[in-house]
Structures are given as C-alpha cells and as structure tokens.
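The following exercises concern a predicted model. Please study the sequence and the structure before reading each solution.

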Amino acid sequence: MLLSVVRWTLNTGIGDFVESYTWMFPIGEALHFMGLSLLVGVIGMVDLRMLGFAKKLPFAPLHGLVPWGIAGFVINLSTGIMFWFVNPELYALEVPEISFYKLLFIFLAGVNLLVFRLTVFDQVMSLGPGDDAPLLAKFIGATSLFLWLGVIWWGRMIMFT
Amino acid sequence: MDFIAWIQQTELHQWLGESPYWFPYPFIIALHAMGMGVIVGMNVALDLRILGVASAIPLAPLESFFPFMYLGLAVNAVTGLGLMITHPELLLNPVMWVKFACIFLALGSLRLLRARVFRDPKLDPQHIPLGRQVLAGFSIFFWAGAITAGRLTAYIGS
C-alpha cells in the first residue's frame, strides 16, 4: 500500500521538477523553518497568555496575531508536501514511525484547537487585562505547546534514523 | 586552521559526533530548532505588531514575552556551541559568518526596539514612528537571513 503510494508519487515527476532547480529544495527548507517559527512563536504567545503569563494583555487583541500563525502553518504544509514529492521513500519506507508520529502530533494539535473553539474560546476571548483563563483553557494551552514542540521534535528526528 | 584541528581531537567532539541514538546530537539539533521557533517567532510577532498588525494590542505588556525570547536565545547559544564543536569546519564557511552577522543585527534591532517601543511610555501605540517601523521590518529581514544562511551552510561554502 505505502509502496504503491511512493511509486505514484515518484511517477508524477513533481519531485524531478523540484530537483531540476538546485535552489528550490534548500529554499523550501529555509521557508519550512520560517513557517515553523511563525507558527510556534504566535501560537506560543497565545498559549502562554492562557497559561497565565503576560496577563496584562487583553486576550482578543493578542489573538489578532493568529492569522500569521496560520500563515506559518500553510507555508509548512506547502513546503512539507514538496519534501514528500522529492523524497517519498525516506518518509514512507525509511522512517515510517517518525513520519507517523509527526503527522499524529499535527492531527492532535488540530483536535486540541477544535476542542478550544468548541468549549472555552468565547470565554477566553473576553479576558481583559489581568483576567485569569479558566482551567480548561490552561490545559488546552499547555497541550498546544507540548504538541507543537513535539512536531518540531519528530520533524528533526526524521533526519537521524 | 589549528583551532579547528584542536576542536576535532577533543573528547567532546568525538562524543557528539558518534551519537548512536537520539542523544546527544539529534537532541541538540531538535532543541536548536525549538529555541529558534521561540526567539524568531515571538520577535517577528512583535515586529508585525509594530508594523501595524493587530494594532489593538497594547505595547508595554508585550515586554512579558522578552524572558521567553531570551530563554530561546540561551537554548540556541548553548546548542549552537554544541553544533560548532561537532562541526568546527563550519567556522571556515563564509555562509556561517553571514548567519552570525544576521543574528547579531537581529539581536541589536531587538534591543533597540525594546527601549524605543515597548519601554517608551510616551509612544502612541496607534502611531508608531516610521523609523521604528523600518527597524521592525529589518528585524524580520535579519531573522529570515539568519535562517536561510543557516540552512544553506549544508549546501554551499564547505
């Protein structure tokens, strides 16, 4: 199953196209690091505010930065798909467990975000300067930090197995 | 260069280079990426605020994120030193020095912006002077340069 997906990926010729420009893959990697920074930096600030740091900040204005965190995620999704087309054997056959954990952590971060939106989001958005977030929001913030740093961890482990 | 040969014969260099498992070398690499995410990401978020994004955010309370940025920076100084001991030949790579220069300029910009924006009580948060906004723009540029140069050391110059 995985093998046929790898074959299909290689047959598209997209990887060959990317590799026909020597600069494209390295620039993609640099963009992947910039996107990672944007995502972790912005989402990390929001998570830390929920955990009780930088409490003088009203929450809703801080949340106005989130679209830039999402932009970081989109950059990384795009460049990540590009990496897959260049090197499908690496991810699917050489380090399948690590790739799986990385995707799992991203998925769980998505579930965590969904839980946030469906539960305490409105309550948290109304937090003014000095207000404390509800316990569930703190748990969600800590989970988010753990998962996104975990995504970086698994991403870096791909190169070392 | 003798200095590089000297590093290469230290036990620390051998130990770091022979990592049989995820420790120590991959662990150091992973921490370096996490520290980067914190310092670069938060700094760029502050730059964006200065440039007018999410302008409802009051400026002074954003200073609370500086300890986290400096923690990220400290993690990366230590892990970066570890990476240098593992690959001392990188010191001969001009691209590596472009990275160092970019980091130096980015940190200088951060210091300046801290004093002139986040610690300036007279500043109108809705009308940040153009000079400070230009500096915030350069800050983003320097961090992008540091990341790009860092990645390119794997491809060019050595």
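**Exercise 1.** Determine how the lining of the second largest pocket divides into nonpolar, polar and charged residues, and which helix gives the most to this lining.

*Solution.* Step 1: the lining comprises 14 nonpolar, five polar and two charged residues. Here Ala, Val, Leu, Ile, Met, Phe, Trp, Tyr, Cys and Pro count as nonpolar, Asp, Glu, Lys and Arg as charged, and the others, Gly among them, as polar.

Step 1: at least two lining residues come from each of helix H3 (24-51), helix H5 (66-86), helix H7 (96-118) and helix H9 (135-157) of chain A. Helices are DSSP runs (H or I, at least four residues), numbered from the N terminus.

Step 2: H7(A) gives the most, with seven residues.

**Exercise 2.** State where Ser139(B) lies, and whether Ser139(B) is buried or exposed.

*Solution.* Step 1: Ser139(B) belongs to helix H6 (residues 130-152) of chain B.

Step 1: Ser139(B) is buried because its relative accessibility is 0%; buried means under 20% relative accessible area, exposed over 50%, partly exposed in between (1.4 Å probe, protein chains only).

Step 2: beyond its neighbours within four places in sequence, Ser139(B) is in contact (heavy atoms within 4.5 Å) with Asn43(B), Asp47(B) and Ser109(B).

**Conventions.** Residues are numbered from 1 along each chain as its sequence is written, while chains are lettered from A and ligands numbered from 1 in the order in which they are written.

Conventions. Predicted model: local features only at pLDDT ≥ 70, side-chain atom pairs only at ≥ 80, totals over all residues. Heavy atoms only, no water.
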